[in-house]
Amino acid sequence: MATSDIKAEQLEYVLQPWVKQAGLDPLVVTKGEGVYFWDDKGEKYTDMSSLLINNNIGFNNQEVNQAIADQLSKFAFVSPVYAAESRSKLAKAIIDKLPDEFGKVFFANAGTEANESALKIARAYTGKQKVLSRYRSYHGATQGSGGLTGEPRKHFSEPLSPGFVKFFDPYLYHAPLKFSSEEEATNYYLKTLRDQIIYEGPEDIAAIWLETITGSNGVIIPPKGYLKGVRELCDEFNILMVCDEVMVGFYRTGKLFAFQNFDVVPDIITFAKGVTSGYVPLGGVVVQSKIADYYNDNPMPTGLTYSGHPLACAAGVASMKFYDDHKIGEHVQEVGKELKAALEDLKAKHPSVGDIRSIGLFAAVEFTRNPETHEPLVPYGRDPEGIMPKLVAELKKRHFMTYSHESVIFVAPPLIITSEELAAEFPKLDEVMSIADEIAAG
Ligand SMILES: Cc1ncc(COP(=O)(O)O)c(C=O)c1O
């Protein structure tokens with residue numbers, strides 16, 4: 001098919017998620033290799049967002065390709081009632097790397113389904129209905145996961161079924177109070193959360209649901225002691241702690257799961273994206289043994305035809321091996337330091353860069369109109385002049401491919417990126433930050 005037809009047919013026949021369909025202009029991708037991909041005109045782009053923060057191992061990984069082909073040559077699929085080697089191997093590989101408390105994995109097909117499934121698992125296990133989650137979170141697009149979601153995409157799931165209660169994230173760059181330390185902020189946010197638990201009635205609360213690091217709403221890294229404090233509140237009131245690791249799992253932050261940076265152990269982990277880097281869609285729920293054991297004598301409250309699809313699990317097993325063989329966790333920690341340092345240098349140079357938040361290869365550049373007041377470059381939920389799309393378009397002109405949310409631009413390349421490949425991208429950011437400086441200065 002001629003490449004012009006590919007774009008025309010996509011626009012004519014395919015609905016693209018979350019956006020107005022008029023005026024779309026999708027790039028026709030023809031090839032990918034490592035951290036780069038090419039369009040139909042032969043132009044080469046750097047994937048600086050790991051597509052949707054999922055392309056952790058980069059394009060065209062031969063080991064994962066081969067594992068998928070090997071599985072296909074045996075069988076593509078058998079239903080979850082049969083034992084399949086790749087399925088049990090992947091579950092074991094994940095459990096083996098986790099603290100002893102964890103017991104079993106329920107497989108889903110992506111992040112939304114992982115959270116939707118975990119919601120039913122948590123409610124049936126606790127016999128409680130309410131779930132607390134945060135305003136700046138995204139947990140998925142269906143009714144339950146949309147109910148967990150706190151940011152504007154939740155409105156498309158409304159009216160929500162009863163039982164979803166929201167609280168505010170410790171987003172220190174925009175906190176209503178000036179805190180003198182991270183600990184002071186942590187104490188404040190934990191105190192308000194404690195009050196909210198008491199007012200909601202802990203006997204009705206099944207779980208507190210958190211993106212370990214809030215991802216698509218701006219890489220909001222919890223302040224010191226915050227997650228430990230949430231864990232303590234969960235223990236005090238007999239509430240499950242659920243960490244949504246869909247975006248930050250599989251070494252994005254330098255650890256297999258992001259919670260491992262914060263010295264806490266949740267009761268349930270949800271994952272997707274980096275488990276297969278999208279080579280085949282896969283998601284899942286990891287539960288502590290106490291929860292897995294409960295289901296020895298109680299039926300699982302959920303199920304999916306494709307739970308633990310063998311092809312997807314084969315991609316997952318090969319990905320886990322690739323992460324291990326290439327010491328990706330250590331690599332991310334090393335290159336992540338270079339990313340953070342370079343972004344801090346750029347911030348010092350550009351008044352429109354208000355905040356840099358960065359952990360591993362997961363970074364947000366937040367733009368402001370005023371570095372003193374932290375006034376966002378574009379107001380919450382509105383960007384009538386299209387300022388952020390303009391900045392993303394300027395990056396695209398320079399073949400730096402990423403996306404934005406509110407006043408934030410994400411910098412989150414595939415985890416295999418080398419120091420040299422990364423360094424080549426900073427001058428592009430520098431130029432576009434100068435454009436942002438002009439816009440911010442009015
Ligand atoms: C933290 C988090 N949870 C859940 C989801 C939903 O995952 P999916 O789009 O694979 O259904 C996402 C997607 O970006 C996410 O970032």
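Predicted model: local features only at pLDDT ≥ 70, side-chain atom pairs only at ≥ 80, totals over all residues.

Visitor: What makes something a cavity and not a pocket?

Guide: On a 1 Å grid over the protein atoms alone, a cavity is a set of points where a 1.4 Å probe fits but cannot get out, whereas a pocket is an open set with protein on both sides within 12 Å along at least five of seven lines. Rolling a probe the size of a water molecule over the atoms shows where empty space is left. The largest cavity has a volume of about 40 Å³, where volume means the space filled by probe spheres set on the points, and points are joined across faces, edges and corners.

Visitor: Which residues line the largest cavity?

Guide: Gln10, Leu11, Val14, Gln16, Gln21, Leu24 and Pro26 do; to count as lining, a residue needs an atom within 4 Å of a point. That lining splits into 4 nonpolar, 3 polar and no charged residues. Here Ala, Val, Leu, Ile, Met, Phe, Trp, Tyr, Cys and Pro count as nonpolar, Asp, Glu, Lys and Arg as charged, and the others, Gly among them, as polar.

Visitor: How much space lies in the second largest pocket?

Guide: About 610 Å³. Of its 25 lining residues, Tyr171, Leu172, Tyr173, Glu182 and Asp355 are the closest to the centre. By class, that lining has 13 nonpolar, 5 polar and 7 charged residues. Strand E11 (residues 353–359) gives the largest share, 4 residues. Strands (E, at least two residues) and helices (H or I, at least four) are DSSP runs, numbered from the N terminus.

Visitor: Why is Ser133 called buried?

Guide: Buried means under 20% relative accessible area, exposed over 50%, and partly exposed in between (1.4 Å probe, protein chains only). Ser133 comes out at 0%, so it is buried. You'll find Ser133 in strand E5 (residues 130–134). A polar atom of its side chain lies 2.6 Å from the backbone oxygen of Leu148.

Visitor: What makes a pair of atoms a polar contact?

Guide: They must be N or O atoms within 3.5 Å; within protein, one must be able to donate a hydrogen and the other to accept it, and residues adjacent in sequence count only if both atoms are side-chain atoms. Another example joins the side chains of Asn65 and Asn60, at 2.9 Å.

Visitor: Why is Asn65 called partly exposed?

Guide: Asn65 has a relative accessible area of 27%, so it falls in the partly exposed range. Asn65 lies in helix H3 (residues 62–74). Leaving out residues up to four places away in sequence, Asn65 touches Asn60 and Tyr279, where contact means heavy atoms within 4.5 Å.

Visitor: And Asp263, buried or exposed?

Guide: Asp263 has 57% relative accessibility, so it counts as exposed. Its place is in the loop between E8 and strand E9 (268–271). Asp263 also has a positive phi of about 55°, although it is not a glycine.

Visitor: Why does Val242 count as buried?

Guide: Val242 has 0% relative accessibility, so buried it is. Val242 sits in strand E8 (residues 240–244). Apart from neighbours within four places in sequence, its contacts are Ala207, Ile208, Trp209, Leu210 and Ile268.

Visitor: What makes a group of residues a nonpolar core?

Guide: It's a set of buried Ala, Val, Leu, Ile, Met, Phe, Trp, Tyr and Cys residues joined through side-chain atoms within 4.5 Å. The largest one has 103 residues, and Ile208, Phe367 and Leu391 touch the most other members. A second, separate core of 20 residues includes Ala206, Trp209, Val242 and Ile268.

Visitor: Which peptide bond is cis?

Guide: The one joining Glu158 and Pro159, with omega about 5°. Pro159 is in the loop between helix H6 (143–148) and strand E6 (164–167).

How values were computed:
Residues numbered from 1 in each chain as written. Heavy atoms only, no water.
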